[in-house]
Amino acid sequence: MKHNFGAGPGILPQEVFKQAAAAVLDFNATGLSLLEISHRSPEFEEVLNEAVALVKELFNVPEGYSVLFLQGGASTQFALAPYNLLPEGGKAAYLDSGVWASKAIKEAKFFGTTEVVATSKESNYTYIPKDYTVPADAAYFHITSNNTIYGTQLQEFPQSPVPLVCDMSSDIFSRKVNIADFGLIYAGAQKNMGPAGVTLVIVKDDLLGKTSRKIPAMFNYQVQIEGGSMYNTPPCFAIYVSMLTLKWLKAKGGVEAMEKDNNEKARVLYEEIDRNPLFKAVAATEDRSRMNVCFVMENPELEKPFLKLCDEKGIVGIKGHRSVGGFRASIYNALPITSVYVLIDTMREFAEKNK
Ligand code: PLP
C-alpha cells in the first residue's frame, strides 16, 4: 500500500478513482465512455450542474457570485484576474508570500501598476508578512491562501479595504471560508479538488465590467459566465472527477469535517517534528500550513537514508521542493490520518536507528 504525500497533483479518494475508471468504460450505463460523450449532452450538463451546485453548497456561496470551471491552471488566473478586474491605468495590491504570488505579480504587470505591500522573500518565504497597509485606491488585494512550496498558510484572511483576490490552489475545500469576504477565488484543481486540467473560479459578479479593455472571449469571465463554463469544449473528465471528489467530500461531512480532520493530521505531524531531535520544521510556527508540512533534518546527510526508509514503507512524494530542500508532507483532504501515523512511525524508527 502506498501513502501518497505528493504536493501536486495530489491524492484523491480511492473510491473516486474507481468511479472515474468505471465511467471511462461506460458512463452511467449509456454504453459510451465519459471521454466520448458530447459536452452538450444532457448527461454531461448534469455533471457540470452538479459540480457547480456542490461548490455552492459546500462553500455556502452567496447570491451574486458565479462559479466557473475553466482551463489553463492557476497560472492562467494570474493573468486573468488583472485582465478582468484591473481597470486601465489602475493599480492592484499584492502580498508576496512565495514564488506563486510573485508569478501572479509578474503577470499583473502586463495590465497595470502593482504595489507589493510586503514580501518575505528575504527569508525564502518561511513566514507570511503581517505588517502592511493595503492601499484604498487599489482595484483589489491579491493573496495566496496556502504557500505550497514553503508550507505556510494564512491562518486568518486579512481585512482589506478593497476586494480580496485569493489563490486557493493548495488548500481549497480544506477549511471553512466565508465567500462573501472575497471578490475572486481561484484554484487549480489538482491538489485538493480533482485532477489537473480544470481550474475553479468563484467571482463576485459586480466586480466585472469595470475595465474598458477588450478581453478575448476565452479570457473573459463575463463570457464564461454567460456560456456556463461551456464557451468552448470544457475539460469534461477533469470536471467529472472534481464533481465526484466534491460529492465524496460532502458525504464525509463537508468542509467543516475536513477542517477538523486536517487540523488533527497537521497537529500530530508537527508534534512529532517538534519532538523528534532529527527533524526541524521550516515554516514560522504561527504560519504553519495544515496542507503542506515542510521539514528538514538537523543533519542533512541523513536525508537520503530517511528517504530510502520512507520508500520501503510505501511513503511517496515526500521530497521537499528544490528551493527549500528537505521534506514536504502534503496532507490533503483525501490523505487518511493512518498514512500520517505511518510517516510518524517511520520518523520514530529512523530516529531510533540514528541515535
Ligand atoms: N498557486 C499555487 C499556490 C500553487 O501551489 C500552484 C502549483 O503548485 C500554482 C498556483 C500553479 O498552478 P497551475 O499549475 O495550476 O498553474
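Me: What average pLDDT does the protein chain have?
Reply: Residues are numbered from 1 along each chain as its sequence is written. Because the model is predicted, local features need pLDDT of at least 70 and side-chain atom pairs count only at pLDDT 80 or more, while totals for chains, interfaces and linings use all residues. The term pLDDT is the predictor's confidence in each residue, from 0 to 100. In the protein chain 100% of the residues score at least 70, and the average pLDDT is 97.

Me: Which word describes how H3 and H4 lie to each other, parallel or oblique?
Reply: Helices (H or I, at least four residues) and strands (E, at least two) are DSSP runs, numbered from the N terminus, and axes are lines fitted to C-alpha atoms, for helices over the stretch in contact, with angles from 0 to 180 degrees between N-to-C directions. Helix H3 (residues 73–85) and helix H4 (residues 99–108) have axes 8 Å apart and pack at an angle of about 45°. Angles under 35 degrees count as roughly parallel, over 145 as roughly antiparallel, 65 to 115 as roughly perpendicular and the rest as oblique. The two helices, H3 and H4, are therefore oblique.

Me: How many nonpolar residues does the contact of H3 with H4 have?
Reply: Residues are in contact if their C-beta atoms, placed from the backbone, lie within 7 Å, and here Ser 75, Phe 78, Ala 79 and Pro 82 of H3 meet Lys 103, Ala 104, Glu 107 and Ala 108 of H4. Ala, Val, Leu, Ile, Met, Phe, Trp, Tyr, Cys and Pro count as nonpolar, Asp, Glu, Lys and Arg as charged, and the others, Gly among them, as polar. By class, the contact of H3 with H4 has two charged residues, one polar and, as the number asked for, five nonpolar.

Me: How do H7 and H9 lie to each other?
Reply: The axes of helix H7 (residues 254–275) and helix H9 (residues 337–353) come within 10 Å and cross at roughly 0°. Residues of H7 including Val 268 and Leu 269 meet residues of H9, among them Leu 343 and Ile 344. The contact of H7 with H9 divides into seven nonpolar, no polar and four charged residues. From their angle, H7 and H9 are therefore roughly parallel.

Me: Which helix gives the largest share of the shell around the ligand?
Reply: A residue is near a molecule if its C-beta atom, placed from the backbone, lies within 6 Å of it, and the residues around the ligand include Gly 73, Ala 74, Ser 75, Trp 100 and Asp 167. By class, this shell has two nonpolar, eight polar and one charged residues. Its largest share, three residues, comes from H3.

Note on methods. Two residues are in contact if their C-beta atoms, placed from the backbone, lie within 7 Å.
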